[in-house]
Amino acid sequence: MRETRSALATWHMQHSRPERLVNYFDPWQPVARQLDLLSNRFRTIRALCDGQADTAMAEDARLAALCDSLAFHLLKACVWWQVDFSPRAVTGLAATSFMAHVRRHTDRMVEDETLLDVMTWQHYMHRTDASHIMVTGTDPLCRGTTTILYGIDGRRGFRFAMQRAGQALAWNDLTHTDFISACLNARALHCLIETECTAIGEWDLAREEHGQASVYHTQHFRTPGQANPVERYAAALDQLSRCHSRFGRFEFENIVNHMAFSVVHAAHAQGASIADLLRNGAQRPINPRIAGSLKKRARAHVSTGTDPLRRTELDGLLKQVETGFALSDRS
């Protein structure tokens with residue numbers, strides 16, 4: 001038993017570090033997948049730590065530190081993408097117990113302690129002052145002679161700035177509620193500065209469509225248990241059909257897949273088929289013939305939007321739910 005746990009601990013120390021799980025500055029990484037990775041690895045590693053709470057081995061100390069780090073990054077990710085977060089609902093811990101993990105991490109990492117303060121209490125910031133900004137990083141993907149910097153201000157808003165060699169840093173006046181909104185605006189302006197890009201319409205559409213997608217990101221952790229999953233799936237599918245930007249289609253493809261999984265999850269919980277839910281689960285008529293394509297989207301969510309460590313469990317759930325329509329895929 002000790003050997004098994006030691007092997008698991010070693011594996012997680014190599015593969016479950018936050019820097020391997022999440023990329024804060026790349027908006028093309030699916031939000032759902034990164035949130036699921038952080039939340040599931042935190043729960044998994046905390047269970048490992050609890051299983052040997054009475055030991056004092058160096059391995060256990062390192063594993064406990066990793067658990068604390070994952071707690072901090074789960075909180076950071078939820079602020080970064082403006083996701084509603086309840087520690088008890090997501091991790092099973094009371095808020096005070098969860099924050100104890102976060103604080104143990106920030107006690108070890110001064111830079112993260114400062115970031116936590118900026119995102120929460122703001123003891124060190126000029127609170128409500130939009131001109132007082134903590135730099136959080138630079139855009140790793142921009143090219144040319146102009147650098148994009150990102151920050152969080154005294155109103156907890158996300159900001160960006162442009163800087164050219166030899167010139168002063170100039171923060172844009174706009175404040176954004178989440179990082180992706182700031183990033184899309186920054187890259188649009190960067191495109192204009194560097195290339196006088198004429199395809200600004202693509203950026204405008206991406207920003208507008210992300211505004212619609214951000215509503216789903218906010219509710220990420222509430223999605224599986226929400227009422228009317230079929231209605232939400234239909235609404236997301238409709239919004240996907242109206243997306244014209246490449247980024248908007250990317251975001252809504254992932255959202256629709258997530259909503260499809262929530263329908264399958266609801267069918268499993270109710271002991272019903274997917275077609276049964278489609279017939280009875282929405283105000284607007286939905287053809288039960290789409291049950292097969294909905295299940296394929298649910299599979300895509302498991303494949304690209306969840307922690308690979310959960311794949312066996314989630315694939316098993318999908319196999320237990322019948323599509324319930326004779327012409328649809330029943331596997």
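Colleague: Which residues are buried in α8?

Modeller: Keep in mind that this is a predicted model. In α8, the buried ones are F179, I180, S181, A182, C183, L184, N185, A186, R187, A188, H190 and C191.

Colleague: And what does that say about α8 as a whole?

Modeller: Twelve of its 17 residues are buried, so α8 is largely enclosed by the rest of the structure.

Colleague: How far apart are the end C-alpha atoms of α8?

Modeller: They are 24 Å apart. Helix α8 covers residues 179–195, and at 1.5 Å a residue its 17 residues should span 24 Å, so the two agree.

Colleague: What does D178 reach at the start of α8?

Modeller: The backbone nitrogen of I180. A side-chain oxygen of D178 comes to within 3.2 Å of that atom. I180 itself is among the buried residues of α8.

Colleague: Where is Q82?

Modeller: In the loop between α4 (58–80) and α5 (87–91).

Colleague: What about phi of Q122?

Modeller: Also positive, about 60°, and Q122 is not a glycine. Q122 lies in the loop between α7 (110–119) and β1 (133–138).

Colleague: Is Q122 buried or exposed?

Modeller: Buried, because its relative accessibility is 2%. Q82 has 33%, so Q82 counts as partly exposed.

Key:
Residues are numbered from 1 along each chain as its sequence is written. This is a predicted model: local features need pLDDT of at least 70, side-chain atom pairs count only at pLDDT 80 or more; totals for chains, interfaces and linings use all residues. Side-chain values use heavy atoms; hydrogens and water are left out. Helices (H or I, at least four residues) and strands (E, at least two) are DSSP runs, numbered from the N terminus. The expected span of a helix is 1.5 Å times one less than its number of residues. Buried means under 20% relative accessible area, exposed over 50%, partly exposed in between (1.4 Å probe, protein chains only). A polar contact is a pair of N or O atoms within 3.5 Å; within protein, one must be able to donate a hydrogen and the other to accept it, and residues adjacent in sequence count only if both atoms are side-chain atoms.
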